[in-house]
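Subject: Structure handover

Hello,

Here is the structure you were waiting for, with my notes below it. Please look through the model first and then read on.

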Amino acid sequence: QVQLVESGGGLVQAGGSLRLSCEASGRSSGRTFSSFSTWAMGWFRQAPGKEREFVAAISWSGGTRDYADSVKGRFTISRDNAKNTVYLQLYSLKPEDTAVYYCAADSRPFSVLSNVASPYDYWGQGTQVTVSS
């Protein structure tokens, strides 16, 4: 069973920074054995009264990254496969960045990263980010 555990959320003033972490444990099962180092990873967020939206994604190797237009240039996604961890560095935070941030894993080995939720089959419990004006 795969578990994703996010951390690093909190309350910050506008213009501030945070770093979110998501540590994966366990292995996916089924027809194909795979592990964290073969998974594309994504971050999504959901603000009160709004639908969950894509924030950033990174390929299994870390060589390809994608960002939502609203965070491009302010957020950076990275990963450390040795630690089974993906990070989201948030800079220049705005009140509209306030949301619960979710980490997600696409456990199909070596899949192309995606900016929609459907390919991601494992999700964390979320971590709250609140940006005050």
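**Contacts of Val86**

Leaving out neighbours within four places in sequence, Val86 is in contact with Leu20, Ser21, Cys22, Phe36, Met41, Trp43, Ile58, Ile77, Ser78, Arg79 and Cys103. Contact here means heavy atoms within 4.5 Å.

Two notes on the source. This is a predicted model, in which local features need pLDDT of at least 70 and side-chain atom pairs count only at pLDDT 80 or more, while totals for chains, interfaces and linings use all residues. Residues are numbered from 1 along each chain as its sequence is written, and side-chain values use heavy atoms, with hydrogens and water left out.

Buried means under 20% relative accessible area, exposed over 50%, and partly exposed in between (1.4 Å probe, protein chains only).

**Fold**

The protein chain has eleven strands and zero helices. Strands (E, at least two residues) and helices (H or I, at least four) are DSSP runs, numbered from the N terminus. Of the 133 residues, 46% count as buried. Among contacts between residues at least 6 apart in sequence, 59% join residues at least 24 apart. The C-alpha atoms fill a box of roughly 50 × 25 × 25 Å along the principal axes.

**Aromatic pairs**

The structure holds seven aromatic pairs. Rings of Phe, Tyr and Trp (its six-membered ring) pair if their centres lie within 6.5 Å; planes under 30 degrees apart count as stacked, over 60 as edge-to-face and the rest as tilted. The ring centres of Phe44 and Phe54 are 5.7 Å apart with the planes at 75°, so this pair is edge-to-face. Phe44 lies in strand E4 (residues 40-46) and Phe54 in strand E5 (residues 53-58), so the pair ties together parts that are ten residues apart in sequence. Both Phe44 and Phe54 are buried.

Phe44 also pairs with Trp123, this time tilted, at 5.1 Å centre to centre and 55° between the planes. That pair links distant parts of the chain, with Trp123 in strand E10 (residues 122-123), 79 residues from Phe44. Phe44 has a relative accessible area of 2%, whereas Trp123 is partly exposed at 29%. Ring pairs link Phe44, Phe54, Tyr120 and Trp123 into a cluster.

**Charges over rings**

The charged end of Arg52 sits over the ring of Trp123, 4.8 Å from its centre. Arg79 has its charged end over the ring of Phe36, 4.6 Å from the ring centre. The criterion is NZ of Lys or CZ of Arg within 6 Å of the ring centre and within 35 degrees of the ring normal.

**Backbone**

Most residues other than glycine have a negative phi. Ser92, not a glycine, has a positive phi of about 45°. Ser92 is in the loop between E8 and E9 and is partly exposed, with a relative accessible area of 39%. Phe110 has a positive phi near 60° and lies in the loop between E9 and E10.

Regards
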